[in-house]
Amino acid sequence: MSAADRQHMARALQLARRGEGHVEPNPMVGCVLVRDGQVVGEGWHQKFGGPHAEIEALAAAGAAAHGATAFVTLEPCCHHGKTPPCTQALIAAGVSRVVTGCNDPNPRVAGRGLAELAQAGIEISTGDAAAEARALVAPFRKLTLTGRPWVIAKWAMSLDGKIAAADGSSQWISGPESRAVVHELRGRVDAVVVGRGTAERDDPQLTARPAGPRTAVRIVVDSRASLSLQSKLVATAAEAPVLVAASAEAPPGRVAALRERGVEVLTLGGKSHIDRLDELLAELGHRQLTNVLVEGGGGLLGSLLTLQAIDEVYAFVAPKLLGGAASASPVAGVGAASIDAAVALERCEATQHGVDTLIHGRIVRNDQER
């Protein structure tokens, strides 16, 4: 790619990110149309069920799309879904060249879109921003290829790695600026998950304040369906969905009482906690939930780590020391057997939010296509 091509693809990626929280379970996609070195049209996928990025850009360009180069962050679709194929729209508009960020993992596309364009005489190029383009659609890719949602682990901890004091209190380790970031996260994901202990100890609402583009399902992993009927979650079940993931051994009376108050109780059949958690993720994927935010506690995050289900981490580090050998850490479970077995992060960045430091990164996968 030329320097100009890279600039146009970077712009397409920037446009695509505007769809975050609005387009799921579809992928975020951006498109820039360039003719004779000038941008003649831009677009991005703005909402689920709405026109795709290519269609938006073509509409903006009008007749100027003829002979133009389309920079698209994801391979154009070639099938009828909620909208017609983008490949046919590009061909009909007379686009002469298409530069893509990465291939579409959807088996209904997966190279077929580019082949259709090439067959129509359109020049096909793959840009050198493939890593960025794949990172952009990673949640969509995981859901498509594995049937499981993208799992974001979040916690706030002291400088010495504690998520609660010796008496169990944890509000508030992080400052208001960090909590604002968490509310923004909640507003763009499909589900917010906590364990029974966190729900009992903190009595959280798990809502986004202010509201974001999505209303997340609030999930409590609670084998005995013991969530208090006086909890904030139950009290607000009519305002935002609440789901309790219970085992088959949960007392029927508890299950019935929660359901009477508008809480969905999902009975999982797995024999162990790990098995039930795996079953829950499969069910969330079946429901087409793309991004799931897990806010603790340590036992739940440790189990997800054991399942190799965590994909992304938001760790807020407060400049405080709590100490205490028995004080809780953010990720419990079995843990790594050695330093060599530690789970590594990539694409890491550290940002300041008030006095706190946010470390954000993605789990390194051997399968980079995931």
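Mentor: In this predicted model, the cover over the buried residues of helix H4 includes helix H3 (86-93), strand S4 (97-102) and strand S5 (123-126). The residues they cover are Gly113, Leu114 and Leu117, which are the buried residues of H4, a helix that runs over residues 112-119. Viewed down the axis of H4, these buried residues fall within an arc of 95°, and they therefore line one face of the helix. Just after H4, glycine 121 adopts a positive phi of about 90°.

One of the elements covering H4, helix H3, also packs against helix H2 (residues 53-61), at an angle of about 25° and with the two axes 9 Å apart. Because angles under 35 degrees count as roughly parallel, H2 and H3 are described as roughly parallel to each other, and H2 passes H3 in a left-handed crossing. On the H2 side of this contact are Glu54, Ile55 and Leu58, which meet Cys86, Ala89, Leu90 and Ala93 in H3. Sorted by class, the contact of H2 with H3 comprises six nonpolar residues, no polar residues and one charged residue, and Glu54 is among the H2 residues that take part.

Key: Residues are numbered from 1 along each chain as its sequence is written. This is a predicted model: local features need pLDDT of at least 70, side-chain atom pairs count only at pLDDT 80 or more; totals for chains, interfaces and linings use all residues. Side-chain values use heavy atoms; hydrogens and water are left out. Buried means under 20% relative accessible area, exposed over 50%, partly exposed in between (1.4 Å probe, protein chains only). Helices (H or I, at least four residues) and strands (E, at least two) are DSSP runs, numbered from the N terminus. The arc is that of the directions from the helix axis to the C-beta atoms. Contact means heavy atoms within 4.5 Å. Axes are lines fitted to C-alpha atoms, for helices over the stretch in contact, and angles run from 0 to 180 degrees between N-to-C directions. Angles under 35 degrees count as roughly parallel, over 145 as roughly antiparallel, 65 to 115 as roughly perpendicular and the rest as oblique. A crossing is left-handed if the near helix is turned anticlockwise from the far one by less than a right angle, and right-handed if clockwise. Ala, Val, Leu, Ile, Met, Phe, Trp, Tyr, Cys and Pro count as nonpolar, Asp, Glu, Lys and Arg as charged, and the others, Gly among them, as polar.
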